[in-house]
Amino acid sequence: MNNPQLDRDGNLKHLLSIEGLPKRILNQILDTAESFVGVAEREVKKVPLLRGKTVCNLFFENSTRTRTTFEIAAKRLSADVISLNVSTSSQSKGETILDTVDNLIAMHADMFVVRHAQSGAAHLIAKHVPPHIHVVNAGDGRHSHPTQGLLDVFTIRKYKPDLHNLRIAVVGDILHSRVARSEIHALTTLGVPEIRVIAPKTLLPTQVEKLGVHVFHDMTQGLKDVDVVMMLRLQNERMSGAMLPSSQEYFKTYGLTQEKLKLAKPDAIVMHPGPMNRGVEIDSTVADGKQSVILPQVTYGIAIRMAVMAILAGGSPAGASA
Ligand code: CP
């Protein structure tokens, strides 16, 4: 079957979703990111792999972490970076997304990083652009957030290197979460043997088991002896009606507290893709506690995004030491 993310030789052409990407490509991105982690510790935090290239950040939906780390990553690769301010762009005058893209191509853009509230927006742009231009999905609706899935796996690998021996729980609003979908695809492709999802029935997609996960509705059972706890935000902006009694009630049942965390292995790590809602899905004592790796996730996001852009542009990991 034709994979729109790969070229004829099986190399990464666009990064649109984790689903459908072979293990070989996921490992290539993770291993390349490894070689970029040290760049941040240099006096001059730059490598020349994207010198002369222009990266356009098109964020049609709000973002703190993804937008900023893509911008930092592109700058560390020595690219010229344009972050279009969509609220002050001609989108507000009715210009279509593809007309915006065509105009940026006319300005010799080489790569688009796209976030959009509509699922499929990055695919639409990838189908539209000429072959020398690359598209990276920075989150589309509830569909996919591939670089978040990759940075999460990278973080897990840093703290728990043997992926083939892990029990991981993803907790919360799985139904509306593009992060959960990307993460589950990445973890199953890389051979994690046990992935649990813990959520009320109203926040789980139908037939979620088909993703290869074990379903729990109860934190006491679901968190037992896990190595990794990944908390998710209630995505209220994607809910069409009241799916829960109240956020206080939700916190009582599904919020991660120190007490509930004791059910996991003593050395379990706690993750969250952000933004967090403290006191809704996670207690502050856990978010800021010893087992939390929430801020390292953000830091590793830079190396992952550098890796993705360098691979798309044809840069080799060896270039990282240039
Ligand atoms: N994790 C994540 O996508 O955060 P932002 O929405 O701030 O980019």
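This is a predicted model: local features need pLDDT of at least 70, side-chain atom pairs count only at pLDDT 80 or more; totals for chains, interfaces and linings use all residues.
**His 108.** Is His 108 buried or exposed? I found a relative accessible area of 63%, and since anything over 50% counts as exposed, His 108 is exposed. I then looked up its backbone: phi is positive, about 70 degrees, although His 108 is not a glycine. On the chain, His 108 sits in the loop between α3 and β3, just after α3.

**Gln 207.** I noted another residue other than glycine with a positive phi, this time near 55 degrees: Gln 207. Where is Gln 207? I traced it to the loop between β6 (194-198) and β7 (214-216). Gln 207 counts as exposed, because its relative accessibility is 53%.

**Pro 275.** Next I checked a peptide bond. Gly 274 and Pro 275 are joined in cis, with omega at about -5 degrees. I placed Pro 275 in the loop between β9 (269-271) and α10 (284-287).

**Helix α3.** Which residues of α3 (residues 97-106) are buried? I wrote down Ile 97, Thr 100, Val 101, Leu 104 and Ile 105. Looking down the axis of α3, I see these buried residues within an arc of 140 degrees, so they line one face of the helix. As for what they pack against, I listed β1 (54-59), β2 (80-84), β3 (111-116) and α4 (121-128).

**The whole chain.** Last, I zoomed out. I have 11 helices and 9 strands in the chain. The C-alpha trace spans about 55 × 45 × 40 Å along its principal axes. For 322 residues, a compact globule would have a radius of gyration near 20 Å, and the chain, at 19 Å, agrees with that. Buried residues make up 55% of the chain. Taking contacts between residues at least 6 apart in sequence, I found that 75% join residues at least 24 apart.

**Surface and charge.** My entry for the accessible surface is about 14200 Å², with 51% of that belonging to carbon and sulfur atoms. I also looked up the charges: there are 36 positive and 31 negative ones, and their mean positions are 1 Å apart.

Notes. Residues are numbered from 1 along each chain as its sequence is written. Side-chain values use heavy atoms; hydrogens and water are left out. Helices (H or I, at least four residues) and strands (E, at least two) are DSSP runs, numbered from the N terminus. The radius of gyration is taken over C-alpha atoms; the globule rule is 2.2 Å times the number of residues to the power 0.38. Buried means under 20% relative accessible area, exposed over 50%, partly exposed in between (1.4 Å probe, protein chains only). Contact means heavy atoms within 4.5 Å. Accessible areas come from the Shrake-Rupley method with a 1.4 Å probe; for residues, only the protein chains shown count as cover. Lys and Arg count as positive and Asp and Glu as negative; His and the chain ends are not counted. The place of a charge is taken as NZ of Lys, CZ of Arg, CG of Asp or CD of Glu. The arc is that of the directions from the helix axis to the C-beta atoms.
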